[in-house]
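Keep the model open while you read.

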Amino acid sequence: MHKVLVPKQSGAHRVACLSLYRALLQQCRSSSETPWLAETENLVRRNFRKYKALQSPSQTVNALKAGYEALDLIHSSRTNPVDRNRITHMISHAQKKRDKYAQLQKQVRQLAPPPAPLTPKAARKAESIRFQNETHRRHPDATSVLDRPRPLGEGKKRHIPVLVNARGLPFLRFKKPQPRNVSGVIRAKLANRWNWIQRRDGLQVDLLFAQDEEAWDRMTGTKDSGAWPEDIQIAIEDAKTKINQFDMKTKDLADKMWKVVLAEKALAGAEEKARAEAEEKARAEAEEKAKQPEQ
């Protein structure tokens, strides 16, 4: 059976289309002497995007013929007034067609019924997607969570963070939902630790084979410059060291975060007490003012 060749999957076809595309863009560069070429570049880009998914061989051939004819037309328009007028007419026609389509779409949107309101579940899902997209990267002005407690503005209530254990990795949660960049950092750190564990376990299996090779060398009297298990044992110790260093850093980070929680809690209590005293004082002053006219 004859094999069907999809044009966009052919290397020769791609080279031909890209060469034609570059040649058209080079010819479409306008200057003070060729102002009629100002809109041709956008027209070329738009048509190439429109027809880039063609799979029919006949349609592909017709599109390439049209492209080569446009290349010759743009090139000759620099010296031929007839071709120059033809290009300006084509650009104005395309502009009118685009404006007419935009006006039609505007009328359709005005006549279309308003979209149905989102259900509570769909609204929560849309809000979650929006929040995850906004928190994909760390804010450039963000500071360390350990730089706390911080002063609050007048009338604001302090929220005490919660120390959370994420599979052995601590972090401070101030509110839900959790930012996407925080989740990414947690996954990356835990993935690194798991890779070290897998490396350590795999090397321990390799160490058994190395010990067998060493025993065989002793039995056969083979002399070697170095012991078989030596390098593997060094790699195992290196993996263990990295795991221990990660765990110690995690422990130190947890201690620092817990101190932040205690400091936030103490400051929140002091602010609440000061707020209650201020409210009591304001209430007493109001009662005093209310009694003055009676006297």
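The paragraphs below go from packed helices to pockets and then to a cavity.

This is a predicted model, in which local features need pLDDT of at least 70 and side-chain atom pairs count only at pLDDT 80 or more, while totals for chains, interfaces and linings use all residues. Residues are numbered from 1 along each chain as its sequence is written, and side-chain values use heavy atoms, with hydrogens and water left out.

Let's begin with helices. Two packed helices are described by the angle between their axes and the distance between the axes. Helices (H or I, at least four residues) and strands (E, at least two) are DSSP runs, numbered from the N terminus. Axes are lines fitted to C-alpha atoms, for helices over the stretch in contact, and angles run from 0 to 180 degrees between N-to-C directions.

Find helix H1 (11–27) and helix H3 (residues 57–77). The axes of H1 and H3 are 10 Å apart, at an angle of about 25 degrees. That makes H1 roughly parallel to H3 (angles under 35 degrees count as roughly parallel, over 145 as roughly antiparallel, 65 to 115 as roughly perpendicular and the rest as oblique). Residues in the contact (heavy atoms within 4.5 Å) include Leu-20 and Leu-24 of H1 and Leu-64 and Leu-71 of H3. By class, this contact of H1 with H3 has 10 nonpolar, five polar and no charged residues. Here Ala, Val, Leu, Ile, Met, Phe, Trp, Tyr, Cys and Pro count as nonpolar, Asp, Glu, Lys and Arg as charged, and the others, Gly among them, as polar.

H3 also packs against helix H4 (residues 81–111), at an angle of about 120 degrees and with the axes 8 Å apart. That makes H3 oblique to H4. Leu-73, Ile-74, Ser-76 and Ser-77 of H3 meet Asp-83, Arg-84, Arg-86, Ile-87 and Met-90 of H4. Four of the residues in the contact of H3 with H4 are nonpolar, two are polar and three are charged.

On a 1 Å grid over the protein atoms alone, a cavity is a set of points where a 1.4 Å probe fits but cannot get out, and a pocket is an open set with protein on both sides within 12 Å along at least five of seven lines; lining residues have an atom within 4 Å of a point. Grid points are joined across faces, edges and corners, and a volume is the space filled by probe spheres set on the points.

The largest pocket has a volume of about 1400 Å³. Of its 40 lining residues, Leu-43, Val-44, Asn-47, Phe-48 and Tyr-51 are the closest to its centre. Which helix gives the largest share of this lining? H3 does, with 10 residues.

The second largest pocket holds about 1100 Å³ of space. Its lining has 29 residues, and Val-145, Phe-174, Pro-179, Asn-181 and Val-182 lie nearest its centre. Helix H5 (120–134), strand E2 (169–173), helix H6 (180–220) and helix H7 (228–291) each give two or more residues to this lining.

Finally, look for the one cavity of 30 Å³ or more. The largest cavity has a volume of about 60 Å³, and among the residues that line it are Glu-39, Leu-43, Ile-91 and Arg-98. H4 supplies the largest share of its lining, four residues.
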